[in-house]
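Subject: Handing over a structure

Hello,

Here is the structure I promised to pass on to you. Please open it beside this message, and my notes will follow below.

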Amino acid sequence: MASTSSSPLVVSVLSPVDGAVVQTHSELSLADAKTALAAAKAAAHPWAKGTSLDERIRLVTRFVDAFLAHADDVAKELSALIGRPLRHSHNEIKGFEFRARHLLATAAESLADVVLPEPNPASVFRRRIVREPHGVVLIIAAWNYPYLVSVNGVIPALLAGNTVLLKQAPQTYSCGDWFATAAKEAGLPEGVFQNIKTDHAVTAELIRDKRLDHLHFTGSVRGGREVLKTAAADRFINVGLELGGKDPAYVRPDADIKYAAENIIDGVMYNSGQSCCAVERVYVHEAVFEEFVKAAVDVVKGYNLGTPFDPAVNLGPVVNVRAASTIRAQVNDAVAKGAKTLIEPSLFPAAKDGTAFVAPQLLVNVDHSMSIMKDETFGPVVGIMKVASDDEALQLMNDSDYGLTASVWTKDVDVAERLANEIEAGTVFMNRCDFLDPALPWTGVKDSGRGSTLSKLGFDAVTRPKAIHFRTKEV
């Protein structure tokens, strides 16, 4: 049951580096959360109908500019919150801008009416499809990329004429505060954008409230199921889900092995593997297996695990000790079932049991009886499995409950096209991985979620179609 206490619950945010408290936040009571929802509902019609698209583009552009003006402080805080190397936190801010600018540049075209041609010039009919905003949109973001996850939903939702409630994960609550500051500095009308800090019970009550019109959740499969169950309990609210991944890479015998190893290992290790689209399984054709494994080991040995503000560090801790323990347990389970580790842990002295620092690891002699090849890892480790053919690789790539991204490493575009046609994933890459292009839809299949963000389809997700069908004169 949601809290109705007038005394807010105080949440402490712990540093992954040393477990020290880096921030505290007061969560909203149910009454305060409902007040925020009421303000969003009151602002929805004036924002959608009383503000032109050109004016919304102008104000959201100011919002983006205002946020970017704080980029250095934002990046430093983010590294302190999740332990990511500082230069990589700066990369997230650059990614935010890249996606936001694209969405701003394409909003007018993406939201334009679709006028249906009339075959007869003398026709008395006028037909078109318009996009109407849902109304009040709740976006529940994830801690691993709090700004990149948020920008995918917040920017198109606002541009389309929705009002937005943003709920960040407790680990990154303050990331929502930066958005709220930017909204105020940009002059967004009261109630159009609000950052809320709510526990699970209060959030569930907001989802059940009929004043909420659309919901987008990014997080775990378990969390997605709970959100969907809550949303579907007694109403027909629209729900978008971006959930987990166990993304495969397949290295064919004609691939550039050095290039593939460098890029696949970056896809495994970036952000300490804490990405829904990180590479979590690697299949390598037997003809180049040994060559690839050697190249991958050499790449991993070049990583430096340490604290986020050391400029020499390119691999930070995972988010907390519990996550680190889960990753280590997955590796130990694989080894107990016959897998072999290739990286000597002593190369990474910062990695110690009882801390959030996890040594990067590669494993061979793996198979699909092992958790490390089936269950999401969310850490800097990966299993590498030998295959005899494209068909075997395809079967193994699709042998998963997830389907977010997959990558094929080859010089043969025709083969990549054939495999892409059969791979069960929202995105199929050739010779790249772990990247979101805002001109393309970000979507998943199976337990990786439903719906889409980014591209024109991302605007479709935060709007509903309305048919306009006029007869202009009697016949």
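Leu138 has Leu165 as its bridge partner in strand 6. Strands here are DSSP runs (E, at least two residues), helices are runs of H or I of at least four residues, and both are numbered from the N terminus. Strand 5 (residues 136-140) and strand 6 (residues 163-167) run parallel, with five bridges between them; two strands count as paired if DSSP finds at least two bridges between them.

Helix 7 (residues 200-208) packs on the sheet and touches strand 5, strand 6, strand 7 and strand 8 (214-218), where contact means heavy atoms within 4.5 Å. The direction of helix 7 makes about 150 degrees with that of strand 5. Helix 8 (residues 221-231) also packs on the sheet, touching strand 8, strand 9 (238-242) and strand 20, and its direction makes about 180 degrees with that of strand 9. For these angles, axes are lines fitted to C-alpha atoms (for helices over the stretch in contact), and the angles run from 0 to 180 degrees between N-to-C directions.

The sheet itself is open, with six strands in the order 7-6-5-8-9-20 and mixed pairing. Its edge strands are strand 7 (193-196) and strand 20 (449-450), each pairing on one side only.

A word on the source: this is a predicted model, in which local features need pLDDT of at least 70 and side-chain atom pairs count only at pLDDT 80 or more, while totals for chains, interfaces and linings use all residues. Residues are numbered from 1 along each chain as its sequence is written, and side-chain values use heavy atoms, leaving out hydrogens and water.

Now to strand 11 (residues 279-285): seven of its seven residues are buried, so the strand is largely enclosed by the rest of the structure. Buried means under 20% relative accessible area (1.4 Å probe, protein chains only). Strand 11 pairs in the parallel sense with strand 10 (residues 247-251) over five bridges, and Pro248 has Arg281 as its partner there. Strand 11 also pairs with strand 14 (residues 381-387), again parallel and over five bridges; here Val284 is partnered by Lys386.

Finally, the cysteines. How many disulfides does a search of the whole structure find? The search finds zero, a disulfide being a pair of cysteine sulfur atoms within 2.5 Å. The sulfur of Cys276 has its closest cysteine sulfur in Cys277, 4.8 Å away, which is too far for a bond. Cys276 is buried at 13% relative accessibility, and Cys277 is buried at 5%.

Enjoy exploring!

Conventions: Buried means under 20% relative accessible area, exposed over 50%, partly exposed in between (1.4 Å probe, protein chains only).
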